Amino acid sequence: MNSIIQQYGNSRVTVVEGALTRHRSIFNGLKAFVENQPHGSRLAKPEVVIIHDAVRPFVEEDILFSVATAAKEYGAAGAIRPLVSTIIATNPAGCLDHSLDRAKYRASEMPQAFKFDIIYKAYQQCTDYDFEYGTECLHLALQYCNTPAKLIDGSPDLWKVTYKRDLYAAESIVKENLSKSVCIITGVKEDAIHLSCLLQEALQMSMKVDMMQWSVSKGGHCLQSMASGLHYNFVYVNVNNFDIPQDVTQLLEAIENVNLSASYPVVVTVVHLNNPENSTFCVQMEDFNNIKQLANEAMGYHVLVYSLMINCTKDTEKTREVVKRGASIIESLIKERNPALTGQLFVA
């Protein structure tokens, strides 16, 4: 865990050893604020603490703020969701005894927040049974500190990644969230700007599209955009046949320098504006091998590099159709984020 924290640069994270049960692990985390740590220091005791499950990775900032604010006012707060199934009770013979009116009940979710002194006092009074079999922190605050929690409606994204099949659903959600925007980067040449505008027009039907020019003088603006995490997808428009522009190398270096791909893989699609009359197949293959080598190197820091060839003609309508097909390929590459396809050449 410490190596992961170091890898992602989370310097404000403290790792506390867990235990065999949920409540014992949470109590260990709370004690870190009142007891000396192995390195000899003690964490500053907060007014409010938030307790969350790592298996609920899609929690939004809004719900964290809501439960923390409510806990500061009421002493305890937690997220809830409507029940989707009816709760029933069975008798000793395994038959239906009774059912609950689900309109009166809610599913308790995470995150939950508490005034520190309240939840710490509650855990200090827990019985062995609580520690071994208990699962509800809000109940502890009510039982041992007479603090009824304020309940906050949560979003559908608070579900737990519990079974193997849930991993596929989680992966799909991550990819969907990463595919909501793209940044098209172009040089100053007229052909590149024109093709970028056509791509922007086609792509903005399915995602947010920003466009900027990459140059030494404007590189700082691009870096600022990357560092803020506004985009995890980039399209570079190249009008120099299949030569690898220095701008592409600088773009990949910038992505690495701002550590943009530390949490999620970044997609870079190099679009080649090709004139079939001015290039030969041999030249294309030679330069394609260079792109493939560049893509292999970029994989080392979680950047997925693809290349796309768009053959332009003097026929405006045909060019628009080709660009639309190219935009569909770009959209698919962004959504799938398939490492096996890096360095491959796609033709619109």
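**Inside the packing**

Guide: Start with the largest nonpolar core, which has 25 residues. Leu195, Leu199, Val271, Ile310 and Ile330 touch the most other members. A nonpolar core here is a set of buried Ala, Val, Leu, Ile, Met, Phe, Trp, Tyr and Cys residues joined through side-chain atoms within 4.5 Å. Buried means under 20% relative accessible area, exposed over 50%, and partly exposed in between (1.4 Å probe, protein chains only).

Which elements give two or more residues to this core? They are β7 (181–186), α8 (190–203), β9 (233–238), β10 (266–274), β11 (303–311) and α12 (316–336). Helix α12 supplies the largest share, six residues. Helices (H or I, at least four residues) and strands (E, at least two) are DSSP runs, numbered from the N terminus.

This is a predicted model: local features need pLDDT of at least 70, side-chain atom pairs count only at pLDDT 80 or more, and totals for chains, interfaces and linings use all residues. Residues are numbered from 1 along each chain as its sequence is written, and side-chain values use heavy atoms, with hydrogens and water left out.

Now take Leu199. Not counting residues up to four places away in sequence, Leu199 touches Ile184, Val235, Val237, Val271, Ile310, Val323, Ala327 and Ile330. Contact means heavy atoms within 4.5 Å.

The whole structure holds nine of them. Rings of Phe, Tyr and Trp (its six-membered ring) pair if their centres lie within 6.5 Å; planes under 30 degrees apart count as stacked, over 60 as edge-to-face and the rest as tilted. The ring centres of Phe27 and Tyr120 are 5.9 Å apart and their planes meet at 45 degrees, so this pair is tilted. It links distant parts of the chain: Phe27 sits in helix α2 (residues 22–31) and Tyr120 in helix α4 (residues 116–124), 93 residues apart. Both Phe27 and Tyr120 are buried.

Phe27 also pairs with Phe131. That pair is stacked, at 5.8 Å centre to centre and 25 degrees between the planes. Phe131 belongs to helix α5 (residues 128–133), and 104 residues separate it from Phe27 in α2. Relative accessible area is 14% for Phe27, so it counts as buried. For Phe131 the value is 8%, and it is buried too. Ring pairs join Phe27, Phe33, Phe116, Tyr120, Tyr123 and Phe131 into a cluster.

From Ala122, step to His139. The two are 17 residues apart in sequence and 9.5 Å apart in space, C-alpha to C-alpha. His139 lies in helix α6 (residues 137–145). At 42% relative accessibility, His139 counts as partly exposed.

Next, helix α3 (residues 61–74). Its 14 residues should span 20 Å at 1.5 Å a residue, and the end C-alpha atoms are 20 Å apart, which agrees. The expected span is 1.5 Å times one less than the number of residues. Ile63, Val67, Ala70 and Ala71 are buried in α3. They cover an arc of only 105 degrees around the axis, so they sit on the same side of α3. The arc is that of the directions from the helix axis to the C-beta atoms. What do the buried residues of α3 pack against? They pack against β1 (48–51), β2 (76–82), β5 (106–115) and β6 (150–153). The face of α3 turned away from its buried side carries exposed Glu61, Asp62, Phe65 and Glu73. Just after α3, Gly75 takes a positive phi of about 100 degrees.

Just after α10, Asn259 takes a positive phi of about 60 degrees.

Last, the overall picture. The protein has twelve helices and twelve strands. Of its 348 residues, 38% count as buried. Among contacts between residues at least 6 apart in sequence, 73% join residues at least 24 apart. The accessible surface comes to about 20000 Å², and 52% of it belongs to carbon and sulfur atoms. Accessible areas come from the Shrake-Rupley method with a 1.4 Å probe; for residues, only the protein chains shown count as cover.
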